[in-house]
Amino acid sequence: MSDSDPTVTGHAEVRAVLADEHFVVPQAEPADTEATLAWLRATVSRFCEGPAHTRRRALATAELAGVDAVALRDRARDLALRELAGPRPVDVMARVARRVPVGVLCATLGITDADMDRAVRSVAAVAAAYHPGADAAARSRADDGIAALVGLLGPAEPEAVAARIGLLVQACDATAGLVGNAVAHALRAGPAARGWPVAGVLAETLRLDPPVRATRRVSVAGARLASVDLAPGTVVLLDFAAANRDPAVFADPDRFDPERGEPPHLTFGHGPRRCPGADHALELAAGVLDAVLPGRDLVETDLAYEPSANLRVPARLLVTAR
């Protein structure tokens with residue numbers, strides 16, 4: 001940890017900060033125009049605190065409560081199998097990793113088959129610019145995508161529509177990274193992986209090779225880190241990738257072991273802001289793995305990754321029938 005840019009890497013310390021009310025999420029700026037990227041960031045629960053967060057998170061969890069998480073796995077498997085049909089090899093990232101989880105969730109939110117391609121493209125455009133740092137062209141594409149999604153998911157109160165869009169966006173790049181990284185680890189292992197439970201493959205991928213590498217918190221009055229008082233407004237980086245390999249917690253932490261079990265990884269967060277859609281994301285990813293893993297091999301074992309400061313998503317993942 002440095003005074004200028006505190007970074008937390010220990011498993012216990014990251015858990016403690018995530019559960020500490022003296023650390024809050026970076027706040028979104030207010031938006032002047034509706035149905036834009038700035039409006040979405042200012043209206044979802046992800047970038048706010050206090051009563052607004054409580055109210056907006058409740059909207060998202062209410063949407064998820066009406067979705068049978070286990071049924072998502074079957075739908076994702078069936079859709080993935082359709083996408084995998086045809087000429088070989090198949091690029092899992094281009095055909096399946098984003099399209100299937102987002103498409104299945106779109107269907108549960110009432111988007112029709114006729115509008116599905118448009119919806120999936122729109123979600124992908126928004127996801128590419130959702131977090132700070134996107135260039136002007138990406139933000140413009142995201143604005144167009146949000147305008148389309150507002151039309152597809154409304155009419156409803158703005159916070160309710162934003163909650164639905166937020167669920168789709170959260171299911172896009174992070175789930176694509178989870179799918180791609182899990183497939184890569186499982187297929188690289190060869191025959192040894194055939195007895196691995198899919199749930200274990202996903203859990204260990206989230207630990208060892210998380211698609212979301214870190215998150216940030218901002219200190220408020222009373223915050224302490226490593227017995228040091230922090231000035232209010234200090235930005236703290238919580239390094240999930242390092243915490244998930246903490247040797248004080250995980251034996252042989254650099255080994256991929258789907259039968260490892262407890263203790264849990266921190267990639268979905270911890271405490272009151274833990275990802276509300278974690279179970280749904282896992283079922284969607286499991287359905288994709290159910291379709292991709294049996295009877296297939298990697299064409300290329302050395303992978304390139306999409307350029308991102310905080311996401312680890314394979315740029316291409318070619319598989320072919322064994």
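This is a predicted model: local features need pLDDT of at least 70, side-chain atom pairs count only at pLDDT 80 or more; totals for chains, interfaces and linings use all residues.
Good morning. The contact is made by Arg99, Val102, Gly103, Cys106 and Ala107 of helix 6 and by Met116, Asp117, Ala119, Val120 and Val123 of helix 7, where contact means heavy atoms within 4.5 Å. By class, this contact has 7 nonpolar, 1 polar and 2 charged residues. Here Ala, Val, Leu, Ile, Met, Phe, Trp, Tyr, Cys and Pro count as nonpolar, Asp, Glu, Lys and Arg as charged, and the others, Gly among them, as polar.

Residues are numbered from 1 along each chain as its sequence is written, and side-chain values use heavy atoms, with hydrogens and water left out.

How is such a pair described? Two packed helices are described by the angle between their axes and the distance between the axes. Helix 6, residues 99-108, and helix 7, residues 113-127, pack at an angle of about 120°, with their axes 10 Å apart. The two helices are therefore oblique to each other; angles under 35 degrees count as roughly parallel, over 145 as roughly antiparallel, 65 to 115 as roughly perpendicular and the rest as oblique.

Let us turn to the whole protein. The protein has 13 helices and 9 strands, which are DSSP runs numbered from the N terminus (helices H or I, at least four residues; strands E, at least two). Of its 322 residues, 50% count as buried, that is, under 20% relative accessible area, with exposed over 50% and partly exposed in between (1.4 Å probe, protein chains only). Among contacts between residues at least 6 apart in sequence, 70% join residues at least 24 apart.

Leaving aside neighbours within four places in sequence, His280 is in contact with Leu64, Val67, Ala69 and Leu72.

Thr320 lies in strand 9, residues 318-321, and counts as partly exposed because its relative accessibility is 25%. Not counting residues up to four places away in sequence, Thr320 touches Arg88, Pro89, Gly295, Arg296, Asp297 and Val299. Thr320 and Gly295 are 25 residues apart in sequence and 8.5 Å apart in space, C-alpha to C-alpha.

Definitions and conventions:
Axes are lines fitted to C-alpha atoms, for helices over the stretch in contact, and angles run from 0 to 180 degrees between N-to-C directions.
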